[in-house]
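Subject: Structure for your review

Dear colleague,

I am handing over the structure we spoke about, and I would be grateful if you could look through it alongside the notes in this message.

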Amino acid sequence: MLFFSYFKELVGKQVTVELKNDLAITGKLHSVDQYLNIKLENTRVVDEEKYPHMMSVRNCFIRGSVVRYVQLPPDGVDIEILHDATRREARGG
Amino acid sequence: MDMIASCNPTDLARLGQVRPRHESTKGAYDQHLNMILGDVEEIVTTVEIDDETYEEIVRTTRRTVPFLFVRGDGVILVSPPLRTA
């Protein structure tokens, strides 16, 4: 729940999603759901030479389970709020 | 806090470590071990076997990321900072 709420706050920001197959996609975060599935707009694959078949893809839906990392914009992270939310979540179960 | 993650837990040929460069870095996590880490260094170690000589070739690549969300299903172990003094 914590990260679902967090990613909802991040909608509209620029993120880089790295998948478990090593594909990395940068784009504007359009939406996110409870499974942390992610929709990106205006996407660009980081290593286009390696994945030429992805060059024409501009919007995509990414299944949450294939995500390895999401690189976050530094201005989109308030670590104090997140830290408090973690404590609350750990207490409340 | 040190963190070791891999895309495939049985595939030790690719081992990634993500660790905040300062141990005081605060983080956030949930019950799945999803987490957000700040000022991160990722260290990826790959081991390849040379086809002819059967020698192990170990390669390490490092990069830094300011803020990183790590999905919990790839996490293998989390190591808290050592208690000093």
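The notes below go through the interface and then through the strands of chain A.

Please keep in mind throughout that this is a predicted model.

I begin with the contact between the chains, where 22 residues of chain B are in contact with 25 residues of chain A. Together the two chains bury about 2200 Å² between them, and 60% of that area lies on carbon and sulfur atoms. Across this interface the rule finds 8 residue pairs in polar contact, with both residues at pLDDT 80 or more. On the side of chain B that touches chain A, strands S2 (14–20), S3 (28–29), S4 (35–49) and S5 (56–70) of chain B each supply at least two residues, and S5(B) gives the most, with 7 residues. Sorted by class, that side of chain B has 12 nonpolar, 3 polar and 7 charged residues.

As for charge pairing, the structure holds 10 salt bridges over all chains, and the count between chain B and chain A is 2. One of the salt bridges is formed by A:Glu18 with B:Arg63, whose closest N and O atoms are 2.9 Å apart; this pair crosses between chains, from strand S1 (residues 14–19) of chain A to strand S5 of chain B.

Turning to chain A by itself, S1(A) pairs with strand S2 (residues 24–32) of chain A in the antiparallel sense over 5 bridges, and A:Thr16 stands opposite A:Thr26 in S2(A). The hairpin of S1(A) and S2(A) has 4 residues between the strands, and A:Asp22 there takes a positive phi near 75°. S2(A) is in turn joined by 6 bridges to strand S3 (residues 38–45) of chain A, again with an antiparallel course, and here A:Lys28 stands opposite A:Glu41 in S3(A). S2(A) and S3(A) form a hairpin with 5 residues between them, in whose turn A:Leu36 has a positive phi of about 65°.

Finally, an unreviewed UniProt entry carries the annotation "domain: Sm" for residues 2–76 of chain A. In the model, the end C-alpha atoms of that span lie 15 Å apart, and the span is 11% helix and 43% strand.

With best regards

Technical notes. Residues are numbered from 1 along each chain as its sequence is written. Chains are lettered from A and ligands numbered from 1 in the order in which they are written. This is a predicted model: local features need pLDDT of at least 70, side-chain atom pairs count only at pLDDT 80 or more; totals for chains, interfaces and linings use all residues. Side-chain values use heavy atoms; hydrogens and water are left out. Contact means heavy atoms within 4.5 Å. Buried area is the accessible area (1.4 Å probe) that two parts lose on being put together, summed over both. A salt bridge is a side-chain nitrogen of Lys or Arg within 4 Å of a carboxyl oxygen of Asp or Glu. A polar contact is a pair of N or O atoms within 3.5 Å; within protein, one must be able to donate a hydrogen and the other to accept it, and residues adjacent in sequence count only if both atoms are side-chain atoms. Ala, Val, Leu, Ile, Met, Phe, Trp, Tyr, Cys and Pro count as nonpolar, Asp, Glu, Lys and Arg as charged, and the others, Gly among them, as polar. UniProt positions are given in the numbering used here, feature names are shortened, and annotations may be inferred rather than shown by experiment. Two strands pair if DSSP finds at least two bridges between them.
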